[in-house]
Amino acid sequence: MRDHFEIRDHDAAGRIGRLEVPRAGVTVETPALLPVVNPNVLTIEPRRLAEEFGAEMLITNSYIIRSTDRIRDRVLDQGLHDFLGFDGAIMTDSGSFQLAEYGDIDVTTEEIIEFQRQIGSDVATPVDVPTPPDVDRERAERELETTKQALADAEAAETGDMLVNAPVQGSTFPDLREEAGRHASATDLDVFPVGAMVPLLNSYRYAEVVEAVRAAKRGLDPDAPVHLFGAGHPMMLALAVAAGCDLFDSAAYALMARDGRYLTVSGTEHLEDMEYFPCSCPVCAEYTPAELREMDGSGGDSADQSAEQLLAEHNLHVTFEELRRVKAAIRSGNLLQLVDRRARGHPAMLDGFRVLLDHADELERTDPVSKDAFFYTSHESARRPEVSRHHDRLSRLAVPDRLLLTESDAPSNHDYDAVWRVKPPFGPFPRALSETYPLTAEVPERIDGAAQVAAAEGVASLAESNPDTELTLGHDDWVPRAVDAVPDRVETENLRHLGR
Ligand SMILES: [Zn+2]
């Protein structure tokens, strides 16, 4: 067990945890959002990030500090915390991003780790190679070897009580990501960023983001803290947390504000197109979109009053608000319902959610056995881990010789040995289990085909594990593909036709 990270609560693969950062003397609650602070341009003062937004940790770039003469000596002299005016935990990046952008940087892992230690960083980063998506395999493998060497160099460095990142690369090859995760996990490094995600995030390739995260997680220890490097749009936080990410960093709040972009939990709007602000943060409560536009026109010379500054503040408010909503959802056990809602904001988000559900068996391992309630809110609900868990459980239940499975009440006169209930999307179960999770689920009266198909799969699972049992199924006018999914040897009756 990694003793600096403790997991308190689970929902799907999402968790609430506590990351101990010894050098800063603080414990950070995860999922956590680290605002990106440009050491040259403090869009929002770090002190305000802590006091007004609740940031417990931030991230800045040690490579920029080291290569900017104007500030390097000051930071070395004062220390990073004093220089930024921030008492919480500070993570530093190493210049890997610059390496990816410009192809070359003039610093080694050994040198940059030592520099990060000297300036007082709490979580340092080696110079890994963020291999972009879609490269050929040979390049992805070669660069992964360089990243592994960077991790070895970081392990060998004198770091004291500073934590060190072990980035997980591998481009868009899931098997390389998994191998990279396994390798990183075997080092004695501390935090595990899934790297080179920005090109995927920028082009809304959320399905591949989820694939990369799940692949990395298969390689990593279950209790390793995972950072989704470069991800901070509020729209995708719930999805990324449900996939198993614990740390996020947002440069988006400031970068987007510079272009007049306004973040929401379902996408990005342009200030110039907006008539109303759909938000009640301090900025949106005080200004209208028209007022912000006018401010921009007047030059916005005072840093406090520029539209860019105010947009950045809104962007950060909405992101932290979503993070709190995600944490609350984990505590209540309805994180996947929140992901489902967010998935409706953009088709690419729906793809990401569907890929997450492709891994329902992996999510099932950490999903709590009992929660408050299961709400069936979309086709995707039929693929939640609770449904497959119920199907697995069916194979372990004691079953009599002649069994009626029915969506309606038990008939008053019958010669079956037992009558079980059938409830889409779960399928059959003994009536005695009706009050147990997830069979207490709230489902719509107009149930859809996906739920009926899932229920039919439950019937198939029961039939398969009890080959000698005589099974009859009474269903409420299921769609043909659900009826087709019921094994032939199960006798079926359409209750609607029987007038029941
Ligand atoms: Zn707002």
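Modeller: Helices (H or I, at least four residues) and strands (E, at least two) are DSSP runs, numbered from the N terminus. This is a predicted model: local features need pLDDT of at least 70, side-chain atom pairs count only at pLDDT 80 or more, and totals for chains, interfaces and linings use all residues. Residue numbers start from 1 along each chain, as its sequence is written.

Colleague: What does the chain hold, in helices and strands?

Modeller: The chain has 22 helices and 18 strands. Its C-alpha trace spans about 90 × 55 × 40 Å along the principal axes.

Colleague: Where is Val226, and why is Val226 called buried?

Modeller: Val226 lies in strand β10, residues 226-228. A residue is buried if 20 or more other C-beta atoms lie within 10 Å of its own, exposed if 12 or fewer, and partly exposed in between, with C-beta atoms placed from the backbone. Val226 has 26 C-beta neighbours inside 10 Å, so Val226 counts as buried. Of the 500 residues in the chain, 49% are buried.

Colleague: What is Val226 in contact with, leaving aside its neighbours within four places in sequence?

Modeller: Contact means that the C-beta atoms of two residues, placed from the backbone, lie within 7 Å. By that test Val226 touches Phe192, Val194, Lys217, Leu220, Gly244, Cys245 and Asp246. Take Cys245: 19 residues from Val226 in sequence, but 5.1 Å away in space, C-alpha to C-alpha.

Colleague: What makes β1 and β3 edge strands?

Modeller: Two strands pair if DSSP finds at least two bridges between them. The open sheet has three strands in the order β1-β2-β3, with antiparallel pairing. β1 (5-11) and β3 (26-30) each have a single partner strand, so one side of each is left without a neighbour in the sheet.

Colleague: How many bridges join β2 and β3?

Modeller: Five bridges, in the antiparallel sense, join β2 (residues 14-21) to β3. Arg18 stands opposite Glu29 in β3. Helix α15 (residues 307-332) packs on the sheet, touching β1 and β2, and its direction makes about 115° with that of β2.

Colleague: How do you know how α16 and α17 cross?

Modeller: Axes are lines fitted to C-alpha atoms, for helices over the stretch in contact, and angles run from 0 to 180 degrees between N-to-C directions. The axes of α16 (residues 335-343) and α17 (residues 347-358) come within 8 Å and cross at roughly 150°.

Colleague: Which residues meet there?

Modeller: Val339, Asp340, Arg342 and Ala343 in α16 meet Met349, Leu350 and Phe353 in α17.
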